[in-house]
Amino acid sequence: MDLRDAEPTDAEGIRAVARESLLASYSPDLSEDVIDTAVKSWYADDEVGSNLEDPQAVWTVAVDGDDVVAVVQSYLVEADETVGQIDWLHVAPDSRGGGLGRQLLKRVETELMDRGASRLEGKVLTVNEGGARFYENAGYDAGETRQVEIADEEFTERAFVKSASESTEEFTPVEERSGPDGQTLYVAYDESQRARKAPFYVTYTDEERTERYGYLCGNCESLATAMDSMERIECNECGNQSKSARWDAAYL
């Protein structure tokens, strides 16, 4: 996996990733027609090229082989202070669950700060609860909302803000959190199981990852998960469910 500055020749890959990401994160709140219209408008070849020529633009892609699998687009905006504005962060559904989104966020935060940003601001439509948790887990505070228009339809967007001085930690794939009865658990964001709503992350009782505890639901962040005889994981809180790890004999 290679993280690098986006190039005009990445436009086709960026369009594909943006579409897949928007469908996974916003459907059915945004219809497929709305998403297709938005993607064609925002990520046309000339639009991407024009954005990348903007000296205030910071676009980063993650590339696996020859394929773009994630993109983050941000800009430096001069207001009362220099703001690093992160408009969209798209990760292809098949590439989610291993911390790639956090790595991209950390890289773009660093570049924005190096170029003078004193405040960072991410934007997420309020219907995307997972996107809100992503920014909150990265240390951002929920800010103001505003109405935005996408393909002639109106949606509510929330800003998530963080002072640049708070963005000094390197990304770590292991996060400490409190479990049932105050037990300390460790979530391994680089060990995940794909599921319908969001990945399940493996949790451990020790930072060295020698004793497995269970799973954290990436959709609602509940630790109340269970695994059936087919190794299918299900969240008892939101119903998020992974696919079985092996064939169910009942269907053979």
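A nonpolar core is a set of buried Ala, Val, Leu, Ile, Met, Phe, Trp, Tyr and Cys residues joined through side-chain atoms within 4.5 Å. Keep that in mind for the close-ups below, which all come from a predicted model.

**View 1. The largest nonpolar core.** This core has 47 residues. Those with the most contacts inside it are Ile14, Leu30, Tyr43, Trp59, Ile86 and Leu112. Strand S3 supplies the largest share of the core, namely seven residues. Apart from this core lies another one, made up of eight residues, among them Ala188, Tyr204, Cys217 and Cys235.

**View 2. Ile14 and its partners.** Which residues does Ile14 touch, once its neighbours within four places in sequence are left aside? Its contacts are Ala6, Tyr43, Val48, Trp59, Val61, Val68 and Val71. You have already met Tyr43 and Trp59, which are listed with Ile14 among the residues with the most contacts inside the core.

**View 3. The two sides of helix H3.** Helix H3 spans residues 45-53, and in this helix Val48, Gly49 and Asn51 are buried. These three cover an arc of only 160° around the axis, so they sit on the same side of H3. Look to the other side of H3 and you will find Asp46 and Glu53, which are exposed. What covers the buried residues? The cover includes H1, strand S2 (57-64) and strand S3 (67-78).

**View 4. Lys162 in strand S7.** Strand S7 runs over residues 153-163, and Lys162 is found there. Is Lys162 buried or exposed? Its relative accessibility is 5%, and because buried means under 20%, Lys162 counts as buried. The side chain of Lys162 also makes a polar contact with the side chain of Glu109, at 3.3 Å.

**View 5. Gln241 after strand S13.** Follow the chain past strand S13 (233-235) and you come to the segment that holds Gln241. The side chain of Gln241 makes a polar contact (3.3 Å) with the side chain of Glu234. Gln241 and Met227 are 14 residues apart along the chain, and their C-alpha atoms are separated by 9.6 Å.

**View 6. Confidence along the chain.** The average pLDDT of the chain is 85, and 88% of the residues score at least 70. Where is confidence highest, and where is it lowest? It is highest in helix H1 (residues 11-26), at 95, and lowest in strand S9 (residues 184-193), at a mean of 80. Over residues 244-252, pLDDT stays under 50. For residues 244-252 the model has ten contacts beyond four places in sequence.

How values were computed: Residues numbered from 1 in each chain as written. Heavy atoms only, no water. Helix = DSSP H or I, 4+ residues; strand = E, 2+ residues; numbered from the N terminus. Buried < 20%, exposed > 50% of the residue type's maximum accessible area, 1.4 Å probe, protein only. Polar contact = N/O pair within 3.5 Å; in protein donor to acceptor, adjacent residues only side chain to side chain. pLDDT = per-residue confidence, 0-100. Contact = heavy atoms within 4.5 Å. Arc of directions from axis to C-beta.
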